[in-house]
Amino acid sequence: MLEEIRRVVQEVNTAENLQQTLALIVLRVKEVMATDVCSVYLKDELAQQNVLMATDGLDPASVGNARLKLGKGLTGLVMERAEPINLKNAMDHPAYHFIKETGEESYHGFLGIPIIHHKTALGVIVVQTAQERNFAEDEVTLLVTLAAQLSGAIAHAQAIGDIKGLKNNVLLGNRPFRGLAGASGVTIGTALVIYPPADLDAVPNRSTTDTANEIKTFESAVAKVRQEIAELKTRVKDLSSENIALFDAYLLMLESNSLLRATKTRIEKNKCWASTALRDTIKEQVQVFDAMQDDYLRERAQDIKDLGRRILVHIQSKKSGTRRYPDKTILVSDELSASSLMEIPRSKLAGVICTHGSGSSHVAILARALGIPAVMGALDLPTNQVDSAKMIVDGYQGYVYVNPEQTVEIEYLKIIKEEEELSAELLESTHLPTETLDNVHIPLLVNTGLLADIASSSADSGAEGIGLYRTEFPFMIRDRFPGEEEQTKIYRKVLQSFAPRPVILRTLDIGGDKNLSYFPIKEENPFLGWRGIRISLDHPEIFLTQVRAMLRASIGLDNLHILLPMITSTCEVIESIAYINRAQKELIESGHAIPMPKIGAMIEVPSAVYQVDSIAKHADFLSIGTNDLIQYLLAVDRNNPNVANLFDSFHPAILHAIYQTVNGAKNQNIPVSVCGEMAGDPAAALLLVGMGLNSLSMSIVALPRIKSLIRKFSYIQAKQILKECLALDDSKMIRRLLNQHIDNAGLGGLLRPGK
Ligand code: PEP
Ligand code: MG
């Protein structure tokens with residue numbers, strides 16, 4: 001059975017669209033399971049009906065026409081129960097309903113499997129037999145497996161409006177693609193798709209007015225590949241004749257009309273880029289080979305892909321450096337790196353959309369630091385079709401509109417205007433102290449990681465210091481480790497920009513989703529792997545260089561604090577402090593008068609929460625990294641959009657862990673702060689104030705909002721609200737309660753887009 005599933009899935013993968021996929025599935029399933037009918041019904045949300053979308057066995061004319069009210073008939077029951085129904089004789093079942101269009105009266109055996117995507121039933125796959133038949137367990141499993149594989153494709157097709165015949169099939173423009181809130185704010189701009197090099201599948205649709213030039217580029221790339229292959233062939237003379245023949249086959253393919261003429265015709269006809277045309281030609285060729293019966297010939301599909309990739313590399317190398325950014329660029333990508341975000345001039349960047357990742361991914365954090373609205377995990381957005389399209393990015397709700405209709409755009413323009421007004425109002429209070437109504441001062445600090453965003457942070461933002469400077473960001477936008485001098489200069493600028501206010505420089509926190517191109521770490525489970533302080537302690541030469549640079553940068557400023565990331569046990573704090581002491585001693589010996597900075601530990605791993613008393617004995621301060629603490633406590637990958645709904649700041653376990661940490665710090669009389677993204681969420685900030693956090697650190701954009709919140713509540717009130725929340729065991733209720741309090745204080749505007 002497994003082999004059969006594999007074959008069906010493989011074949012289905014070559015289908016061009018959902019209609020084709022469904023048609024193939026019903027054909028193959030009927031064959032493999034030796035049934036008389038296989039059909040797929042999908043739910044039409046608007047019409048509140050289940051519609052027959054594909055069948056092999058029933059009247060083909062009934063496809064799209066045979067419709068049943070939701071909940072009606074056996075298909076309705078399968079959907080409602082969200083579990084398989086296996087009947088020897090369907091007609092005996094009380095829910096059986098005869099649909100006359102399909103001519104199905106003569107079928108008895110029935111197996112219906114729901115197609116479920118993220119808890120939602122999208123449709124049903126049904127097999128039927130003329131004879132009575134009880135389907136065996138492995139037949140049920142086969143269909144369950146197929147249905148699970150199919151569900152993603154159906155959800156995606158629904159999202160891009162690719163299902164003909166359903167009334168909920170909508171055109172791009174008036175319905176958003178749903179992703180996750182990445183960085184708050186709303187913006188309208190022009191999409192620029194960033195895609196990984198040498199990846200044909202990632203090449204977007206892009207048009208041109210200069211087709212002659214595109215053809216020239218394509219021809220010269222092909223000539224280069226021809227030359228490469230010819231050279232390879234002469235270099236590997238000692239290979240078997242079979243392998244030599246392979247090179248000849250490559251050369252022949254490179255001269256074939258199916259590659260050359262087909263691509264050039266596409267460029268002319270579609271007025272598109274050479275890469276776009278090449279992508280489609282190769283895809284077409286691969287499909288031809290994939291469909292072949294002969295194993296050897298089928299394998300040739302790989303050769304075609306390889307050739308395509310080689311040609312693409314040459315086309316792209318010619319194009320590199322010629323990118324022009326439109327005004328109000330919305331960067332769109334499947335996976336965006338920090339460096340591509342930094343490549344684009346800040347004045348041009350309006351929004352960020354990523355199909356992968358979540359609001360806790362570092363790209364989202366970076367976007368927040370820059371004040372750029374971002375949507376993450378927009379899984380269904382067809383990135384290769386949206387280049388140059390007008391887009392709306394709603395970073396509050398995680399919505400993306402492509403070529404929005406005018407009515408939608410007008411709504412968003414209104415929100416943008418209200419946001420600007422609110423920001424202006426909030427900015428008026430930057431000079432006011434961040435104090436509760438009963439005069440408790442809660443310093444607000446900023447999180448940064450780039451020199452670019454420091455200028456705006458320091459100038460009159462009301463920030464009382466830098467609560468988290470992520471030193472890995474400057475490491476990530478270089479192509480080698482920055483040396484001690486180079487690092488000293490960077491840190492000096494950061495320390496100077498805020499002096500005499502405190503600046504917390506965190507030591508290198510690479511690993512996880514922060515990789516350095518020049519120090520690759522390949523792991524199955526990077527977030528549970530070699531990360532943060534673990535790397536620093538394994539590489540004292542890197543750690544000592546960094547610490548020395550920090551210490552040297554602080555000469556005469558005396559506002560340096562050093563923060564250690566990913567602490568899992570006290571001994572890591574002790575060992576790190578020993579290195580910092582050593583670096584300071586060496587610098588003093590070489591004539592620099594450098595005082596020992598305050599050293600803090602991040603509490604972002606559950607073990608550190610349980611060891612907080614012991615860690616607090618050695619550290620001078622604690623900083624709670626809620627992004628990782630939530631990830632590790634709730635076992636939810638912060639980058640995985642499939643479980644992003646479980647990444648929950650208000651989970652009672654999170655609140656108790658934070659509270660325990662705060663109390664641990666207080667027991668040892670050291671200050672404790674939150675520098676995770678949670679501090680920038682008004683509802684969470686209210687709880688954190690109640691817990692007695694000494695300060696909060698957040699992105700510069702969140703700061704005015706949190707300040708206005710703190711100024712509207714008393715500390716006593718915040719403590720009382722915390723007490724109410726800690727008594728609840730459901731995060732939704734906690735959030736609702738907090739929102740209510742904030743609304744009652746007249747601050748509803750802090751919770752929603754607009755004012
Ligand atoms: C955190 O984990 O909350 C944190 C502040 O660090 P980072 O997001 O850089 O992992
Ligand atoms: Mg962290």
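How many salt bridges does a search of the whole structure find? I searched and noted 33 salt bridges, each counted where a side-chain nitrogen of Lys or Arg lies within 4 Å of a carboxyl oxygen of Asp or Glu.

**Entry on conventions.** I am working with a predicted model, in which local features need pLDDT of at least 70 and side-chain atom pairs count only at pLDDT 80 or more, while totals for chains, interfaces and linings use all residues. Residues are numbered from 1 along each chain as its sequence is written, chains are lettered from A and ligands numbered from 1 in the order in which they are written, and side-chain values use heavy atoms, with hydrogens and water left out.

**Entry on one salt bridge.** I looked up R28 and E31, whose side chains meet in a salt bridge at 3.2 Å, N to O. Because R28 and E31 are three residues apart in helix α2 (residues 18–33), about one helical turn separates them; helices here are DSSP runs of H or I with at least four residues, strands are runs of E with at least two, and both are numbered from the N terminus. Side chains of opposite charge can pair when their charged atoms come close.

**Entry on ligand 1.** I then turned to the 17 residues around ligand 1, of which R470, R506, G625, N627 and R638 come nearest; a residue counts as near if one of its heavy atoms lies within 4 Å. For polar contacts (pairs of N or O atoms within 3.5 Å) I noted that an oxygen atom of ligand 1 is 2.9 Å from an N or O atom in the side chain of E604. Backbone N or O atoms also approach ligand oxygens, with that of G625 at 3.4 Å and that of N627 at 2.7 Å. Taken alone, ligand 1 exposes 290 Å², and the protein buries 100% of that, by the Shrake-Rupley method with a 1.4 Å probe. The elements giving two or more residues to the shell are α11 (362–370), β16 (466–470) and α21 (626–634), and α21 gives the most, with three residues.

**Entry on backbone geometry.** I found a cis peptide bond joining A499 and P500, with omega about 5 degrees, and I placed P500 in the loop between α15 (484–498) and β17 (503–506). I also noted that A82, although not a glycine, has a positive phi of about 55 degrees, and that A82 lies in the loop between α3 (73–81) and β4 (85–87). Most residues other than glycine have a negative phi, and most peptide bonds are trans.

Methods: A polar contact is a pair of N or O atoms within 3.5 Å; within protein, one must be able to donate a hydrogen and the other to accept it, and residues adjacent in sequence count only if both atoms are side-chain atoms.
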